[in-house]
Amino acid sequence: MISKRTSRRGFIKKAFGSALVSAAMPTVLLGHDKRNVVELKATPLQKKTYAANDRVNVAVIGMGIMGYNNSETTVQIPGVKLIAACDLYTGRLDHAREVYGKDLFTTKNYKEILDRKDIDAVIIATSDHWHDRISIEAMNKGKHVYCEKPMVHHLEEGEAVIAAQKKTGKVFQVGSQRVSSIVTLKAKEVFESKIIGDLILVETWNDRQGPNGAWQYSIPTDAQSGAVDWENFVGDAPKVAYDPVRFFRWRNYQDYGTGMAGDLFVHLFSALHTITSSKGPNRIYASGGLRYYKDGRDVPDIMTSIHDYAASDKHSAFNLQMRVNFVDGNHGGERLRLVGSDGIITVGWSSVKVDRSTTPKAPGYGGWDSFNTFTVAQQKDYEKWYKENYPTDKPKMIEPGMEFKEPEHYSANIDHHLSFYNGIREGKPIVEDALFSLRAAGPALASNKSYFEKKIINWDPENAKLI
């Protein structure tokens with residue numbers, strides 16, 4: 001078995017070369033004033049030309065914000081052609097033809113997309129309450145599926161999506177792009193090196209300030225009932241009269257969305273589980289409230305949660321503190337911090353930082369300590385006892401901070417879509433498949449359950465289901 005010390009030294013050597021390894025010996029002292037920065041290497045897209053028969057024809061179902069974002073990304077992948085788009089608002093279909101050409105097939109009926117034999121794959125970027133149904137229908141129709149997160153709207157829907165993937169053998173990937181990011185993968189390498197010792201605590205947050213960040217999206221002036229297919233939007237949700245606010249700002253309503261947890265918690269779970277190879281927590285409690293955006297929404301605008309992770313062969317037992325705040329007077333921000341016994345890994349969208357601070361084995365004495373309350377005679381006796389039991393160690397190195405940064409113009413979105421098409425073309429394994437995605441969406445949706453029901457939720461991370 002490789003020791004933690006050997007593993008840590010091996011990682012430092014691999015990351016920075018032999019010069020820093022020699023400096024990593026415990027007799028050397030270095031300061032924290034300078035951070036060693038390394039630019040990560042990204043694999044460039046291969047400019048390969050594909051014949052028409054080898055091309056992957058893709059359609060997007062749901063041309064809202066993420067629909068257009070995914071379209072813009074996916075057309076950059078060599079050998080991929082966008083040939084169809086579906087949305088329930090006429091204006092978005094008209095705009096799709098403005099962007100992608102008049103030959104683009106458009107429809108308000110997603111079944112017309114699934115029935116076409118010339119479509120190989122679909123990107124599902126609808127409201128959350130349609131994810132499971134369209135995903136299952138698409139795979140049963142022989143289509144590969146890229147589905148936006150969260151994979152499902154309700155916890156009980158996950159098993160059917162997993163079963164459909166297994167039955168059809170189709171490539172299925174969920175769209176949390178951090179799973180494929182070179183930053184996340186470097187963080188995974190750093191974590192597995194044991195450089196921060198035992199994982200004790202994870203702190204993560206994704207805060208925003210401003211109406212758009214809180215889902216108060218623009219509503220077009222032509223959003224009349226004739227421009228929107230409201231009945232097909234509602235689907236299996238409770239029947240209510242047409243409301244353009246509910247259509248264009250669906251994330252604010254439990255009938256169609258999954259709130260903060262489904263939109264943002266799931267990103268954080270996906271990244272954390274990728275880095276730690278964890279299957280998820282086993283105990284969940286969430287709290288929060290609707291503090292500022294009293295605009296008719298029925299989901300909170302601040303949510304915090306606590307998650308207990310049991311020990312596994314990949315990590316020690318640890319606790320997770322998670323937060324999303326839409327009323328952050330500090331301009332918002334996002335971080336994922338893994339706190340270990342010997343250091344911290346801080347993961348952002350564009351870089352991962354490592355700082356080391358080894359927990360001392362000897363307890364020490366003096367300072368803010370009961371030692372100073374002893375009699376003078378007892379202090380002398382204690383000092384003698386202490387030195388006999390804790391002999392002076394050699395000077396320990398304080399390692400400089402390390403930072404790994406993505407290169408300029410790098411896109412995790414591109415890498416995530418490339419992973420999807422590599423799965424289709426070459427049969428490469430998909431990391432964020434249906435089971436992984438339920439293990440990320442499950443704790444997020446269980447956080448909602450805890451919040452609304454005001455109770456602790458027990459979760460089975462192995463089988464991705466409630467206990």
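1. A word on terms before anything else: rings of Phe, Tyr and Trp (its six-membered ring) pair if their centres lie within 6.5 Å, and the planes count as stacked under 30 degrees apart, as edge-to-face over 60 and as tilted for the rest. Ring pairs in this sense link Tyr89, Trp230, Phe233, Tyr242, Phe247, Phe248, Tyr253 and Tyr256 into a cluster.

2. Please keep in mind that the model is predicted, with local features needing pLDDT of at least 70 and side-chain atom pairs counting only at pLDDT 80 or more, while totals for chains, interfaces and linings use all residues. Residues are numbered from 1 along each chain as its sequence is written, and side-chain values use heavy atoms, leaving out hydrogens and water.

3. How many aromatic pairs does a search of the whole structure find? The count is 25. In one of them, the ring centres of Trp215 and Phe326 are 4.9 Å apart and the planes stand at 85°, so this pair is edge-to-face. Trp215 belongs to the loop between β8 (199-207) and α9 (230-234), and Phe326 to the loop between β11 (318-325) and β12 (333-340), so the pair ties together parts 111 residues apart in sequence. Helices here (H or I, at least four residues) and strands (E, at least two) are DSSP runs, numbered from the N terminus.

4. Buried means under 20% relative accessible area, exposed over 50%, and partly exposed in between (1.4 Å probe, protein chains only).

5. Trp230 is in helix α9 and Tyr242 in the loop between α9 and α10 (244-248), twelve residues apart. Trp230 counts as buried at 6% relative accessibility, whereas Tyr242 is partly exposed at 23%.

6. Two charges sit over rings (NZ of Lys or CZ of Arg within 6 Å of the ring centre and within 35 degrees of the ring normal). The charged end of Arg246 is 4.5 Å from the ring centre of Tyr253, and Lys186 lies over the face of Phe404, at 4.8 Å.

7. Lastly, the strands, which pair if DSSP finds at least two bridges between them. Strand β9 (residues 283-289) runs antiparallel to β10 (residues 302-309), with seven bridges; Ile284 stands opposite His307 there. Two bridges join β9 to β16 (residues 457-460), also antiparallel, and Arg283 has Asn458 as its bridge partner in β16.
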